Amino acid sequence: EQLANQIAAGEVVERPASVVKELVENSLDAGGSRIQVQVEGSGTRLIRVVDDGIGMDSDDVLLCLERHATSKLFSEDQLAAIATLGFRGEALPSIGSVSRMTILSRPRTADMGTRAEMRYGILHAIHEDGCRQGTVIEVRGLFGNVPARRKFLKSARTELYHIEEVLRDQALAHPGVGFVLQVEGRTVLDLQPGEDLETRVRQIYQVQDQLLPVSFQENTGLGLELEGYLLESGTSQSRVRRLRILVNNRPVQDRMLLHGVREGMRESLMTGQQPAGVLLLHLPPDQVDVNVHPAKREIRFRRSQEVHRLLVRGIREAVARFQD
Ligand code: ADP
Ligand code: MG
């Protein structure tokens, strides 16, 4: 059981940013409207995620520490299967197997909350505790029991950059949700709840000038929807001011999509520039396979050429409207 958790952890908990991603996704799933992330020691000393979502009662807390998948893992095949199984119901046990993790949670209906402490895969304590509605998860000493993993982490700056990127992507995918990121006690990102996408884009990209709004719906074929704002990348090759494409709210890196955007923008005045900004692509779930690898940014489309064609069209129409 513990071994299985560690193996799963190796698959998906690649670096501190992966922990942040999983915890923030859970907070979003729980309907949190304000999510606060605190990080110390570039995430290896502490990652704390606080949300005001639905919370968990004591049964839920116990359950979420258990692996939903099979407990015995010995053959090569089963190992391979883990990668494809993805992270469904595995995030918390996996993170808990490579850290000292504390969960503190209270649903609205309960007077008291529950605190559970897990140390490198072993449940250490669970008891009642007072807390606000919602969930606080603290992860300390990440990879303390996996020195090899720890050794492969990059510089503090790089690990922090990846953490910030997780927050920026999620903040763009969920403009209505408030996000705060604090690094060593310093607030580096402070986004209010209830913002719209344009406000969010301006906050994150730090732009005052004009944005090119993209809005496209196609109901006769794939059912593809496109929304977003494009801008000029600026002169500096900014690592923040770049193009982000999210498919069904999931950040992806895909050459076909990138090509589609470039192609669509060919006639625009923003020539000679790398496109930057954010594009949210929505497709019926059966048109995409996001489980190529749960932690990676790969994606597969059932009808990739069609997606490309519609993307080009959507961007072209936006450019034409903009230049009118
Ligand atoms: P998954 O998200 O795939 O279900 P996780 O291991 O990430 O698996 O989480 C397990 C379960 O724990 C979730 O399904 C959810 O019920 C509960 N949970 C985790 N984080 C939170 C949270 N922040 N608020 C409420 N429930 C949570
Ligand atoms: Mg999860």
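Among contacts in the protein chain between residues at least 6 apart in sequence, 69% join residues at least 24 apart. The model is predicted. Its protein chain holds ten helices and 15 strands. Of the 324 residues, 37% count as buried.

**The eight-stranded sheet**

Eight strands make an open sheet. Their order is S5-S4-S3-S6-S2-S1-S7-S8, and the pairing is mixed. Strand S5 (122–129) and strand S8 (186–191) stand at the edges. Each has a single partner strand, so one side of each is left without a neighbour in the sheet. From one strand to the next, the twist averages 10°.

How many residues of S5 are buried? The count is zero among its eight residues, so to speak a strand that is hardly covered. Strand S4 (residues 113–119) pairs with S5 in the antiparallel sense over seven bridges. In that pair, Gly 113 stands opposite Asp 129 in S5. The hairpin of S4 and S5 has two residues between the strands. There, Tyr 120 takes a positive phi near 45°.

Elsewhere in this sheet, strand S1 (residues 34–40) pairs with strand S2 (residues 46–51). The sense is antiparallel, over six bridges. Val 37 stands opposite Val 49 in S2.

**Helices across this sheet**

Helix H2 (residues 16–29) lies across S1, S2 and strand S6 (134–140). H2 runs at about 10° to S2. Helix H7 lies across S1, strand S7 (178–183) and S8. The angle between H7 and S7 is about 170°.

Does the length of H7 (residues 156–173) agree with or differ from what its 18 residues should span? At 1.5 Å a residue they should span 26 Å, and the end C-alpha atoms are 26 Å apart, which agrees. Buried residues in H7 include Leu 160, Ile 163, Val 166 and Leu 167. Glu 164, Arg 168 and Asp 169 are buried there too.

**The five-stranded sheet**

A further open sheet has five strands, in the order S9-S10-S13-S11-S12. Its pairing is mixed. The edge strands are S9 (212–217) and S12 (250–252), and each pairs on one side only. Neighbouring strands are turned by 20° against each other on average, direction ignored.

S9 pairs with strand S10 (residues 225–232) in the antiparallel sense, over six bridges. Phe 216 stands opposite Leu 226 in S10. Helix H8 (residues 197–205) packs on this sheet. H8 touches S10 and strand S13 (275–282), and its direction makes about 35° with that of S10.

| Strand pair | Bridges | Facing residues |
|---|---|---|
| S4 and S5 | seven bridges | Gly 113 and Asp 129 |
| S1 and S2 | six bridges | Val 37 and Val 49 |
| S9 and S10 | six bridges | Phe 216 and Leu 226 |

**Around ligand 1**

Which residues are closest to ligand 1? They are Asn 26, Ala 30, Cys 64, Ala 91 and Thr 135, out of 18 residues that surround ligand 1. H2, helix H3 (58–64) and helix H5 (91–97) are the elements that give two or more residues to this shell. The largest share, three residues, comes from H2. H2 is also the helix that lies across S1, S2 and S6.

Terms used: Residues are numbered from 1 along each chain as its sequence is written. Chains are lettered from A and ligands numbered from 1 in the order in which they are written. This is a predicted model: local features need pLDDT of at least 70, side-chain atom pairs count only at pLDDT 80 or more; totals for chains, interfaces and linings use all residues. Two strands pair if DSSP finds at least two bridges between them. Helices (H or I, at least four residues) and strands (E, at least two) are DSSP runs, numbered from the N terminus. Axes are lines fitted to C-alpha atoms, for helices over the stretch in contact, and angles run from 0 to 180 degrees between N-to-C directions. Two residues are in contact if their C-beta atoms, placed from the backbone, lie within 7 Å. The expected span of a helix is 1.5 Å times one less than its number of residues. A residue is buried if 20 or more other C-beta atoms lie within 10 Å of its own, exposed if 12 or fewer, and partly exposed in between; C-beta atoms are placed from the backbone. A residue is near a molecule or strand if its C-beta atom, placed from the backbone, lies within 6 Å of it.
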